[in-house]
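Good morning, and thank you for the time. I would ask you to look at the model first, and I shall then take you through its sheet, its core and its contacts.

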Amino acid sequence: MPSITKPLIPLAPLAKNELGLTIRDYEGAMSTLCAGCGHDSVTAAIVHTFWELSTPPHMIAKLSGIGCSSKTPTYFVRGAHGFNSAHGRMATIATGANAANRELTYIGISGDGDSLSIGLGHLMHAIRRNVNMVYVIENNGVYGLTKGQMSASADIGSRPKKGEANLLAPIDPITLGLSLGATFLARSFSGDKEQLVPILKAAVAHNGFALIDVISPCVTFNDHEGSTKSYKFMREHEVKEVQTDFVPVRTEIRAKIPNDGATEVVMHDGSVVRFRSVPTGYDPHDRLKVEEYIRDRQSRGEIVTGLLYVDESAKEIHELNDTPAQGLAKIPFAKLCPGSAELAAMQKDFR
Amino acid sequence: MAIDNALDVGTRVNDFSIKLANVNGTGSASANSLLMQAIFRMGIPVSGKNLFPSNIQGLPTWYEIRVNKSGYTARALDYDLMVAMNAQTYAEDIIDVRHGGYVMYDSSWPLDPDMQRDDVTFLGVPLAKMCLENFKAPRERILMKNIAYAGAVVAALGIDVELVSGLLAETFARNERLAASNQTALRLGYDYATEHYACPLPFHVEPMDANGSAILVNGNEATALGCLYAGATVAGWYPITPATAVMDNFTRLCARYRREPVEGADPSSPESHRNNYLILQAEDEIAAIGMVLGAGWSGARAFTSTSGPGISLMNELLGLAYYTEIPAVIIDVQRTGPSTGMPTRTQQADLMLCAYASHGDTKHILLFPANPHECFEFAVQSFDLAERFQTPVFMLSDLDIGMNDWVVPELQWDDAYVPERGPVLDDEDLRGMAEFFRYNDVNADHVAQRTLPGSDEKGAYFIRGSGHDAYGHYTESPEEYQQVVDRLKLKHAASAAYVPSPVVERREGARVGVITLGSCDLAVREALDVLSEAGIPADFMRVRGFPFVEDVRRFVEEHDDCFVVEQNRDAQLRSLIAIETGVGPEEMHPVLAYGGFPLSAKHVVDAVLSQLEN
């Protein structure tokens with residue numbers, strides 16, 4: 001993808017994070033997406049998230065497939081290690097990278113074509129394996145780079161800019177994830193940074209596969225009247241009853257959280273996800289209830305956003321495989337090779 | 001009672017072949033390999049070829065054993081003894097026996113008179129009847145029939161029965177009841193044959209000392225051992241015949257050798273050890289190679305094992321690996337294509353697919369092991385080559401090598417071995433550099449320096465399968481694009497000096513040359529001895545790697561008649577040599593066997609003679 005280096009304009013002194021880095025240090029190249037693209041807002045939220053979490057840029061691996069959304073890793077955290085792979089295959093490459101070196105923070109950026117059509121199988125199996133990574137679907141219901149074909153997330157009746165309305169049932173990554181045993185499921189809206197940033201932070205803290213479906217309107221091909229993935233439609237139909245705060249690992253602040261009855265989830269690293277408000281009877285740990293709630297709202301034409309489901313007790317991929325805390329790629333060769341004496345000994349069985 | 005063995009084929013010691021016809025899924029495989037193992041332990045050169053159907057239970061299956069004191073153990077096409085244990089295939093099996101040969105069959109039921117042949121001797125052994133009388137459980141009666149016929153074969157061939165008894169005792173050391181049943185069955189067959197027939201038959205075994213420190217191993221297990229010794233830590237795979245056993249063995253070996261005890265942990269707790277490996281059974285071969293690329297990018301030695309259909313699926317990401325320069329090892333245990341083809345039959349028909357896998361201009365490094373010993377060695381070399389040249393490396397084994405037990409020299413390991421990691425920069429290297437660019441040929445050896453995820457920000461770069469320049473930046477400029485792909489071509493060519501060199505054997509006065517690869521090795525060598533005795537000395541070249549060294553072109557040019565022996569329909573090795581060395585395809589006569597069964601010397605001799613006559 002083409003990219004343009006972002007000019008670094010000296011501004012008033014910028015705030016620094018724990019590593020002494022400013023938000024500029026978490027930016028990437030200039031975006032070449034269309035002006036107003038939802039994806040650029042997601043990029044901004046990701047920049048903000050990693051800066052606030054003080055994640056060392058070189059300890060971030062950012063991966064993507066192919067599509068408009070998959071261009072965006074170029075636009076954030078230039079000091080991170082990036083992999084723009086093949087259409088639909090990012091989850092497999094992220095799985096292998098994570099298998100080889102669990103010490104990094106992995107974030108994959110994908111789109112609805114990449115994840116819900118060509119790469120759907122890989123997404124589902126990455127969920128099942130509980131690969132420890134953040135997986136963002138920038139969902140606009142349309143293939144942008146090939147100029148406007150409907151995608152598998154388009155709602156029935158949603159109209160493309162040209163041509164007939166979609167007649168096929170959409171694939172919803174959240175209800176799909178619920179059925180596959182996903183351990184972290186959130187939906188958000190690119191136009192709502194206030195909601196998205198805490199969700200991204202919680203996703204980074206989550207011990208396992210964190211799927212975030214971000215409705216991210218395509219201003220060029222799917223932002224018109226009749227589309228259900230437009231800014232206007234989202235603003236009119238979004239339901240934000242599930243609201244969360246993210247509280248990083250700082251004991252003194254944790255102690256200040258008033259225990260007002262809201263659910264708190266202590267994440268693997270000690271940070272806390274606090275459910276500020278939920279609908280009556282809603283339990284973010286109960287798959288059935290979460291699905292019932294989402295489907296009920298869907299049937300009314302509403303789109304539920306928020307951190308909808310979380311299970312911090314499940315084992316992630318390395319815990320399931322009893323691998324060491326150190327990345328496998330870093331284990332010295334001497335520990336991996338049984339040596340000549342052992343080879344001679346085992347060949348006694350080959351006679 | 002002893003009867004005369006009607007037709008005497010003359011006494012032959014340690015030089016014969018037998019074929020066993022069975023029904024698959026009845027437990028015959030272990031009886032057959034028992035016989036082969038016993039002959040191996042008697043110090044005699046031997047091979048066993050399992051010719052089995054793509055089925056779990058009920059279809060015909062065959063096993064061939066060739067015993068040859070001179071070491072000719074390629075597949076023989078005529079049989080001195082047929083052990084006919086499958087009534088469905090009696091007719092064809094009986095026809096398969098050579099003139100003057102023998103047929104052993106289950107005489108619990110009379111043989112159809114139509115099956116009779118005057119020029120072979122029938123050895124009836126009432127196996128089912130004996131097992132019915134001696135065993136109670138229905139399953140046992142079926143299973144023990146196998147060991148009973150093995151007992152009769154042991155007597156007929158003069159195999160040391162005490163040795164066989166000892167092998168059974170080793171196998172069933174942990175199951176007293178099964179051990180006893182097996183011993184009983186062995187004796188039932190052995191005693192019956194000894195009492196009723198003049199055993200041993202005129203062709204039989206006598207102990208030798210030809211095997212020395214050799215081992216009996218299949219290629220898939222040897223490959224897995226190679227991957228273990230090379231230090232592979234991540235594997236992605238999808239089940240497929242005939243490659244599945246590579247990962248089964250790797251899994252077993254890792255569980256044995258890669259579990260690191262955790263100091264101070266309760267030995268009975270799950271935290272008592274850490275696994276220094278991660279094997280991922282993928283959702284398909286696309287995912288399997290994707291995982292390997294992710295791990296290779298991250299600096300782990302990673303591999304996948306598959307067969308032709310899997311390579312077809314992997315093509316997309318193999319191009320990504322080639323263009324982005326990620327090390328990866330792909331074990332291809334070839335089977336008969338195209339499409340599903342014949343999954344349990346062998347072939348060497350993935351050469352072109354692997355050499356140029358993926359769309360666009362691509363070329364890959366290929367290694368061609370001939371036997372399990374080379375599977376072990378080449379698996380290790382594959383990882384070294386993959387990292388040295390930052391590219392996918394294919395090891396092309398096949399079903400014959402992978403799934404049959406071979407007698408090969410003992411595997412050796414040099415404890416001084418250091419993995420070749422290629423030009424990987426660490427943080428200290430980066431500190432000493434003004435700037436790092438991924439695809440810059442700084443050492444002028446066509447291989448660019450790389451960094452691993454997690455290294456300092458200065459080493460961070462963006463891998464992309466889209467057009468990139470020598471700095472790793474996106475480009476659509478013709479010059480910048482070509483600069484990178486031209487270097488990749490040079491890099492591939494440079495690897496010729498590092499792949500295993502061809503094996504060449506020359507004969508005095510040879511005007512004929514024969515080029516071959518992989519599992520054709522033994523059959524071709526035997527054929528060249530036969531041709532030499534017939535007054536046609538021929539030089540031998542077995543290529544072991546691609547890209548080809550200059551010697552391959554020279555070998556073709558040096559010979560008036562050059563033959564290329566391979567197991568596929570389209571003469572793929574010949575094409576590859578023609579394309580890559582520039583010699584005309586008309587300079588090489590194809591010798592092709594591609595029906596799915598392993599090559600025999602007869603195929604080669606007949607083809608060479610008939611083409612020389614023309």
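Let me begin with one strand, β7(B), which has a covered face formed by B:Thr121, B:Leu123 and B:Val125, and an uncovered face formed by B:Phe122 and B:Gly124. A residue counts as buried if 20 or more other C-beta atoms lie within 10 Å of its own, as exposed if 12 or fewer do, and as partly exposed in between, with C-beta atoms placed from the backbone. Helices (H or I, at least four residues) and strands (E, at least two) are DSSP runs, numbered from the N terminus.

Two remarks on the source. This is a predicted model, in which local features need pLDDT of at least 70 and side-chain atom pairs count only at pLDDT 80 or more, while totals for chains, interfaces and linings use all residues. Residues are numbered from 1 along each chain as its sequence is written, and chains are lettered from A and ligands numbered from 1 in the order in which they are written.

Where does β7 belong? In chain B, an open sheet of 6 strands with mixed pairing has the order β3-β4-β2-β5-β6-β7. Its edge strands are β3 (46-51) and β7 (121-125) of chain B, each pairing on one side only. Two strands pair if DSSP finds at least two bridges between them. On average, neighbouring strands of this sheet are turned by 15° against each other, direction ignored.

β6(B) and β7(B) pair in the parallel sense over 5 bridges, and B:Val103 stands opposite B:Phe122 of β7(B). The pairing of β5 (residues 79-84) with β6 (residues 97-106) of chain B is likewise parallel, over 5 bridges; here B:Met82 stands opposite B:Val103.

Across β5, β6 and β7 of chain B lies helix α4 (residues 138-157) of chain B, running at about 145° to β6(B). Axes are lines fitted to C-alpha atoms, for helices over the stretch in contact, and angles run from 0 to 180 degrees between N-to-C directions. Contact requires C-beta atoms, placed from the backbone, to lie within 7 Å.

I turn to the core. In soluble globular proteins, nonpolar side chains tend to be buried together. A nonpolar core is a set of buried Ala, Val, Leu, Ile, Met, Phe, Trp, Tyr and Cys residues joined through C-beta atoms within 7 Å. Of the 276 residues in the largest one, those touching the most other members include B:Ile39, B:Val83 and B:Tyr149. α4(B) provides the largest share of this core, 12 residues. Not counting residues up to four places away in sequence, B:Ile39 touches B:Ile44, B:Val46, B:Val67, B:Ile159 and B:Val205.

How do the two chains meet? Their contact takes 49 residues from chain A and 55 residues from chain B. On the side of chain A, α3(A) gives the most, with 8 residues. By class, that side has 24 nonpolar, 20 polar and 5 charged residues; Ala, Val, Leu, Ile, Met, Phe, Trp, Tyr, Cys and Pro count as nonpolar, Asp, Glu, Lys and Arg as charged, and the others, Gly among them, as polar.

Is α3(A) itself covered or uncovered? It is mostly covered, with 11 of its 11 residues buried. Strands also link the chains: β2(A) and β19 (residues 462-464) of chain B pair in the parallel sense over 3 bridges, with A:Asn84 opposite B:Arg464.

How values were computed
Contact = placed C-beta atoms within 7 Å.
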